[in-house]
Amino acid sequence: MDSSPQSSSDGSPSARLVRSVSRRVSERLVKSKRDTQVFMRKPRNLVAIGLFGLMVSRMAYNHLNEMRLTGELLSTFDLGHDKLLSTLELGRLLHEHGVDVSGEQVQKLFGKVDDEGNGFDFSELADIIRIVSVLPPASERLRQISGNRSVLMDGLIVLISGVGLTYLVLHSDAVEKKWAASSFHSAIQYRRMQARCSMLEQNLASLTTERATLEEEIRSLEEASPADDLTARNEQLRALNDRLEQVRQEQEEAKQQLEREVRKWQHEAEKNLREASMTSQKLDRMMTCMKGLGTCVKGLDAFNGIGTGEFNSLGAQKGFCSVQRNIGFHMDCITFGTLESDAQGHSHLRLYETSNSRKLGEGRDCAYRCTEMTSGVEYALKMYTINKKEQRIAIRHDLYAHLSQVGKHPRIVSYERVIESESTIFVLMELLRGKDLFDVVVERTLAEDVARPLFVELVEGLQHLHDTGVIHCDIKPENAMVVGNIDAGSAHVKLIDFGCSCFKSYQKDIEGCVVWDCYMPPEHAADQKLTPEVATDMWRLGCTLYVMLMRRPPFHNDAETRWGREAREHARFCRDPPWDSLSTEAKDLICSLIAGDPAKRLNTEQVLRHPWVAKSQGGN
């Protein structure tokens with residue numbers, strides 16, 4: 001009874017709406033605070049704010065000074081102390097300040113100013129002073145009071161000045177972004193040039209070494225005493241000379257290509273320098289208009305698409321990203337990177353490049369092949385859009401996988417780094433050159449002796465996860481990569497994809513989500529909110545072993561139906577051939593894992609001690 005109100009309040013539509021609105025408001029506040037901090041980091045913005053504040057202060061000072069002086073006149077000539085001047089009192093005030101008018105003339109000239117007809121109050125006196133101050137005989141004091149412009153005029157001047165300053169600030173930001181984009185483009189072009197020239201230099205060095213070796217061999221043959229087989233010697237010399245001539249031509253071509261590349265990139269560098277110089281001069285002119293305003297381009301601020309640092313606490317590095325359209329044969333060339341500091345405090349730029357055409361698989365969150373532009377090393381890459389709600393859970397799961405270093409085990413894919421740009425999370429992982437277990441099973445039949453070592457390595461990786469408090473939640477053949485040659489006995493298995501995993505260390509922040517597919521355990525099919533446990537992975541592990549040996553899933557993808565749940569609860573999986581041809585131990589292990597009762601399923605330690613697995617260990 002006590003838990004029902006709590007569950008109702010937590011799961012009701014209104015509660016979800018409140019949580020959603022609160023989260024959005026919080027995100028807006030964080031973004032606003034971050035934007036303000038970025039804005040205030042630039043000196044020119046501070047100078048613009050200071051100038052605008054100075055104008056507003058001057059307007060306020062003039063207005064207050066006018067009020068003070070007018071108030072002093074009012075109090076001096078207000079004999080009745082009622083904060084009103086009569087016609088005689090106003091005539092006396094004007095007479096003493098150089099404007100000689102009688103009471104009758106005061107009434108005739110300024111009677112309409114007195115709207116109420118009860119005397120001249122503060123504002124009416126201020127209006128009269130502005131009128132008479134232009135007369136030649138008016139005293140200096142009256143001119144001083146009315147010399148200040150009206151509040152309306154001052155406000156108009158401040159408004160025009162504010163608009164002008166805002167335009168200068170925004171326009172200078174646009175120019176600075178163009179300058180930053182040019183710098184970013186230059187950095188990318190330089191990295192490409194560096195990598196290409198490095199390859200050409202290596203090729204040239206290899207050709208030079210080969211040429212020297214060939215010349216030495218020819219010299220040795222020519223200096224040697226004539227052999228009995230003169231024909232063979234001549235043939236050998238002819239072959240060496242032909243190869244030497246070919247190497248010379250290739251060497252000359254490599255030199256020319258290297259020179260062309262250098263000239264090409266020199267031209268690009270000069271062009272970028274001219275553009276940067278023109279942009280810099282324009283920016284300097286704008287800075288002069290704003291009284292010496294300087295730029296503030298430091299570190300990552302020189303690049304576009306800079307990360308906000310939202311995921312820094314979870315191990316993501318603040319980085320940047322640029323998407324270039326229609327470059328060469330790539331429709332989208334995505335360049336991203338970050339700045340790293342070494343032990344001596346020196347910063348090093350790490351640039352990576354990928355494109356939509358370099359997919360490693362299919363699906364919504366598939367991986368891409370990615371290349372580090374300096375070293376040429378390739379990685380597997382996952383890209384998530386930060387603003388997409390459906391991807392934020394997967395983002396956090398991969399961040400937790402990186403933070404908890406699950407990939408330190410040899411049976412689990414290694415996470416290299418996570419880079420956060422303004423709109424995208426880039427997850428760099430070890431590139432596994434092989435096929436997933438599902439593709440292997442589709443291509444060939446795995447005998448028990450062949451499947452056993454692969455399955456054992458899969459269990460070892462899963463055991464490491466369970467020992468560190470991680471539930472994978474998506475164990476299946478598609479998430480087990482086979483690297484190496486199975487027939488040669490050099491094949492190994494590595495677990496991949498932690499986008500749905502449950503990390504017990506971070507359970508307060510996020511929960512795992514078991515995938516709805518033909519490997520869905522019965523307890524999760526009955527209760528979608530059930531927290532994943534070790535038994536969750538063990539059921540899916542049993543289904544994976546079944547696929548390895550039977551080459552088909554044990555159940556249909558019908559876990560959401562009553563019949564499908566009952567079939568899983570009572571372990572009524574398909575036992576058609578070749579089930580009967582499996583060994584007794586293999587059947588027992590499968591049945592011990594695909595058990596409807598989670599408490600009856602084996603854990604990883606028990607699986608590794610099972611007789612079917614022990615056959616492999618005994619053979620070794």
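## Terms and basis

A residue counts as buried when its relative accessible area is under 20%, as exposed when over 50%, and as partly exposed in between, with a 1.4 Å probe and protein chains only. The model is predicted, so local features need pLDDT of at least 70 and side-chain atom pairs count only at pLDDT 80 or more, while totals for chains, interfaces and linings use all residues. Residues are numbered from 1 along each chain as its sequence is written, and side-chain values use heavy atoms, with hydrogens and water left out.

## Cysteines

Cys-370 is buried, because its relative accessibility is 0%, and Cys-502 likewise counts as buried at 0%. The closest cysteine sulfur to that of Cys-502 belongs to Cys-473 and lies 5.6 Å away, too far for a bond, given that a disulfide is a pair of cysteine sulfur atoms within 2.5 Å. Across the whole structure, the search finds zero disulfides.

## Helices H12 and H14

Helices here are DSSP runs (H or I, at least four residues) numbered from the N terminus. The axes of H12 (residues 448-467) and H14 (residues 534-550), as lines fitted to C-alpha atoms over the stretch in contact, come within 11 Å and cross at roughly 165°. On the scale of 0 to 180 degrees between N-to-C directions, angles over 145 count as roughly antiparallel, and H12 and H14 are therefore roughly antiparallel to each other.

## Helix H4

In helix H4 (residues 87-96), the buried residues are Glu-89, Leu-90, Gly-91, Leu-93 and Leu-94.

Conventions. Helix = DSSP H or I, 4+ residues; strand = E, 2+ residues; numbered from the N terminus. Parallel < 35°, antiparallel > 145°, perpendicular 65-115°, else oblique.
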